[in-house]
Every structure is written in structure tokens, then in C-alpha cells.
Amino acid sequence: MPEFNAPLRDMRFVLHEVFDAPALWARLPALAETVDADIADAILEEAAKVTGQLLAPLNRSGDEEGARFDGGAVSTPAGFKEAYATYIDGGWVGLAGNPAYGGLGMPKMLAVQFEEMLYAAGSSFALYSALTSGACLAIDAHASEQLKQTYLPRLYSGEWAGTMCLTEAQAGSDLGLLRTRAEPQGDGSYAISGSKIFITGGEQDLTANIVHLVLARLPDAPAGSRGISLFLVPKFLVEADGSLGARNPVSCGSIEHKMGIKASASCVMNFDGATGWLVGEPNKGLAAMFTMMNYERLSIGIQGIGCAEASYQNAVAYARERLQARAPGGAQAPEKSADPIIVHPDVRRMLLTMKALTEGGRAFATWVGQQLDLAKFTEDAAERAQAAALVALLTPVAKAFFTDTGLESCVHGQQVFGGHGYIREWGQEQLVRDVRIAQIYEGTNGIQALDLLGRKVLAGDGASLRLFAAEIRAFVDSPAGAAQPHSTELLAALERLESVSAWLGEQATANPAQVGAAAVDYLHLFGYVAYAFMWARMAAVAGERRASDEHFYAAKLATARFYFAKLLPRIHSLEASIRAGSEPLYGLADEQF
């Protein structure tokens, strides 16, 4: 059975050494008395035990059994209820939650490390609490104080769970088409009627109550996305004393039979005049829901990193043990019948690609977490505004690039196993199936690419891109940047990104189709430049500290060299594809497809 052991050494390296998170926390008043290096390390150690010993052993059995639907009720696989009870006893759902309502108040830089462990141990299990954490953010940011007091403590504790109810059968990415209705009841509540699909954890047997955040239209709402409001609709109504009351008329009609994440219930939810309460302002529900969606987008991006890490660990272990043929230069293990496959160039190519992409993603996720912490906790208005702008720019990159490269890594991991990678008991094919959905839900990666290029770069006349470029140039000009060997390559890659961005801005004015034609390639180009920034920063620290731990830091430097030599050059073909324009996409008439 495959195992998972959290990469604690690498997580500490990124958190403490590359980004010096303890120093940042010490200067932010809201965090200074809450967390330091010792507390962070203790949390990571405990998280590693929970994910590696409690959750990972359920991953394959959960996939084999799957969630089950019977007469409106959903049962999670054997062991999930007991594991969930232990999980919430540790306070993990509220790790980064608002302390005023029972959360632990930990920084996002630390939370992203935990989320990676959680997804690596089992994506299906992770999703039940991931949706709850996102729901808490939306409620905390937009709901009335009464709703916060009633729901947040039970959600942060994990006693209750949260969902996000957006998608309808006729309205996928175009939420302006949704039809769910909300009728005012005269007492401050609303009657919610409609049907939602693909609702993660819409029904389950883990928690006593489920709190649905539902997008719906008021009777006088304008058409399109400008006429959407957000409502809180509990499975069970809550009495004044906090106890559970009558069952609300909201029910699960069925669950989907899926390619992966089979232990996560993806539900069709029917609202038949269910009682709900407005969250935020009327007709501004989409903006309120984006608080949750942006959290989920980063979280699902981290699913890509977690699955890739699990696949990498399994693939390395297998490559060290599996004997096949001899190394190109002669026997490396002459006492054995053949050499382990890790000596073969193509296997090393796959493993190094996985390692470079996963560790680059871990660093990038931590950097995004740093910007989120600054946007939330700093008292410097200019610093807060800059961090918020970077978060807006980087979120679509994180969601899409983490998951695109996560699938690539999981396929490499499966390939290392050869025929055994296709067999269920080794676990690699499950990771491929589980991570595949991450490119689709929470906004498809194509939508993320359009958001990045159209809304975040071109619509703002490149202002946020200039912030990103300034961060890179500040590093290159620093003593640490000047002392490490990859600054020239990093700067050249940044200039290529800037040149392509300027060209697209000119082209899009005359031909709007250029944005859609270039968007995915552009996001990938951006992602490789962002990872180059991360690898240059990691190499700078590793070079400075190599003498203190030759084994660890030499590996980090070698992986950085691989990234710059073998992976960053992908940007050349991406640029060529972008500059080819949109015309090749329209060479066929519709009926010729």
C-alpha cells in the first residue's frame, strides 16, 4: 500500500529560510502573539502525524468503496466518520479561522503547508473540510453579526460543515444563467427554490448540520450576474439557543459517479422553499461568493501540489527498488541482477521534473500565502494594497498552473511504475484520476487563464504585472540575487513575459480573439517565470547555507539547475504559439470539425 510522509524538511526550508515567515509574523501585531517558529513547527509535526497516520491509510479504501447514496442519505466510506471525529478534535478546520469566533488564527503561509499535506493524504477527505473553511471566510466577511455568532463557532469546530452551491444544469461557468429563486418571507428570511449540481459534500454523514451558501435571484433582480444574491441555507434550522431544530426542505437528489475523488460526495441538491438568510447585500451575492471562490481556487491549486508530492514519493521509492537492465555507462549495482531504474536517464528526467515542479509550486503557494497574510494583517496601507493586488494577479496562476503541472507530475509518477502504474493497488492511477478534476472545478483552467490575461493583466494596463516584475527585479538587484547563478536567466525570462504581454495588449485592441487564443499559453508562460523566481530564491539560500547541510542544499541547487536548463526553456515554444495569433484557430469552418 502506498504511504505518505509529509516533506517537513522542505516545508520548513520554504517557510523559515526562503521567506523568513517568523520575522514577518513578529512584525504583524495580529500574529506576533499567536505564532512563531516553534509553534509553526509543532503544528507541522502534528499535521504530519494526522495526515500520514490517520488519513492516508483511508485513501485507497475510500476510493474503492466510494460515497454511497440511499434514499436521500449519503454514507462516506468505512473509517471516514471515525477519522473525521479525530480530525476535528485537533481543531484543523479552524486552523486559519477568525479567533473571535473560535478559529485558531494561524497565518495562511502555515495553512498552505497543512493543506498540501491534507490533499496528499487523500483528496476526497480533504474536500469535506476545505469547503467548510471557504464558507467560513465568506460568512465572516459578509454575513450579519447574528449569522456569524450562530454559525461560525460550529463551523470552525467542524461540528457543522459548509458547502458552496453555485452550479446549475444550464449554468456552468456562466452564473448569469442561474434560475434558483429567493422569495422574501416578511420576517427577514427567504424561501429558496431551485436545484444545484456538483455540490461537494452537499450531503454526508460526518457532521450534525450542513450549511449551504446558495446563489439565487430575488424577485426584482436584474438579469445576468448583476442580479445574483447569496443566501445561507442550513440543512437543519437552528434554534435561538443554538440547538438544532426542524429539517429544512433541502435534500440530496442523487450523487455523481465520477472518474476520481470517489469518496467525496458530489451531490444534486434540491431546495424546495428552504428557509435561508441573505449574506451581504441584495444583488451583490457574486462578489460575496468570490471571497469563498478565491479561497477554494488556491486550495484546489494546492490539491495539484499535494497529489504530485504523493506521486513523487511513491515513484522515487519504486525507482530505487525496481531492477531493470543496466545503466548506460555500465553496471551501477554489479552485485545485483540488474540496476535499479533510477539510474536510467528517462526515469531521472521524470523524477526531476516532478521534484522541480512540486517544490517550485510549494514555494509559490507559500509566497501567495505571504501576500494573503500581508493583505489581511499589515497595518501599512500601501503594503496592504500591494499585497492584495498581487493576490488578485497570482490566484488564477496558482489554481491553474499548480493543477496543470500537478497532473503532469502524477502522470510521470504513474509512468515510472510502468505496467504497475496502471494497477490499482500501487496507488498511482488513483492520483491521476483524483487530480484530474482539479483542472475543472472551481473555475476551469481555461477560465483562469482568461481571468489572468484579460482581467488581471490587460484590463489594468499591466499595473499588477509591473508589481510582479518589480518583486523579481528587487531580488535580482539584491546581494542574495546577485550572488546566485540563475539571475541572468530569470531576468531574461521576465523580459520575455513583459514583451509578450505588451504585444498581446497591442494585438487585443484590434482583434479581441487574440486574448482567448493566447490565454492558456500565456498563463503557462507566466507560471514558468514565477517558478523561476522561486527557484532562484531557493538557490540563493541553498548556496549560502550549503556547508551546514551538504545533502539537503546540494540537492536543492541541483534541482534548481535542472529547472533552469530543462523546464524554463518551455517558455520559448509558448511564446511562439502565442505570437502565432488567433488565425490558425479559425482555419476550419464549424461544420468541418
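**Exercise 1.** Does Ile210 count as buried or exposed, and what is its relative accessibility?

*Solution.* The model is predicted.
Step 1: locate the residue. Ile210 sits in strand 6, which covers residues 209-216.
Step 2: take its relative accessibility, which is 0%.
Step 3: apply the cut-off. Buried means under 20% relative accessible area, so Ile210, at 0%, counts as buried.
Step 4: Glu159 is 51 residues away from Ile210 along the chain, and the two C-alpha atoms are separated by 9.2 Å.

**Exercise 2.** Find the element that holds Gln371 and classify the residue by its accessibility.

*Solution.* Step 1: Gln371 belongs to helix 11, which spans 345-377.
Step 1: its relative accessibility is 5%, and therefore Gln371 counts as buried.
Step 2: compare sequence and space. Between Gln371 and Ala392 there are 21 residues in sequence and 9.9 Å from C-alpha to C-alpha.

**Exercise 3.** Place Ile423 in the chain and describe the surface patch that contains it.

*Solution.* Step 1: Ile423 is in the loop that runs between helix 12 (381-416) and helix 13 (428-436).
Step 1: with a relative accessibility of 37%, Ile423 counts as partly exposed. The value falls in the range between the buried cut-off of 20% and the exposed cut-off of 50%.

**Exercise 4.** Describe the second largest pocket by volume, lining and residue classes.

*Solution.* Step 1: the volume of the second largest pocket is about 790 Å³.
Step 1: its lining has 24 residues, and those nearest the centre are Tyr312, Val316, Arg320, Lys355 and Glu359.
Step 2: two or more lining residues come from each of helix 1 (8-18), helix 10 (285-321), helix 11 (345-377) and helix 19 (550-567).
Step 3: sorted by class, the lining has eleven nonpolar, nine charged and four polar residues.

**Exercise 5.** State how many cavities of 30 Å³ or more there are, then describe the largest cavity.

*Solution.* Step 1: the count is four cavities of 30 Å³ or more.
Step 1: the largest cavity holds about 170 Å³ of space.
Step 2: 15 residues line the largest cavity, with Pro2, Ala56, Asn59, Ala120 and Asn314 nearest its centre.
Step 3: helix 5 (59-65), helix 7 (108-121), helix 10 and helix 13 each give two or more residues to this lining.
Step 4: by class, the lining of the largest cavity consists of nine nonpolar, four polar and two charged residues.

Definitions and conventions
Residues numbered from 1 in each chain as written. Predicted model: local features only at pLDDT ≥ 70, side-chain atom pairs only at ≥ 80, totals over all residues. Heavy atoms only, no water. 1 Å grid on protein atoms, 1.4 Å probe; cavity = no way out; pocket = protein on both sides within 12 Å on 5 of 7 lines; lining within 4 Å. Points joined across faces, edges and corners; volume = space filled by probe spheres on them. Helix = DSSP H or I, 4+ residues; strand = E, 2+ residues; numbered from the N terminus. Nonpolar A, V, L, I, M, F, W, Y, C, P; charged D, E, K, R; others polar. Patch = residues over 30% accessible without salt bridge, like charges linked within 9 Å, V, L, I, M, F, W, Y side chains within 5 Å. Areas by Shrake-Rupley, 256 points an atom, 1.4 Å probe, with all protein chains shown as cover. Salt bridge = Lys/Arg side-chain N within 4 Å of Asp/Glu carboxyl O. Buried < 20%, exposed > 50% of the residue type's maximum accessible area, 1.4 Å probe, protein only.
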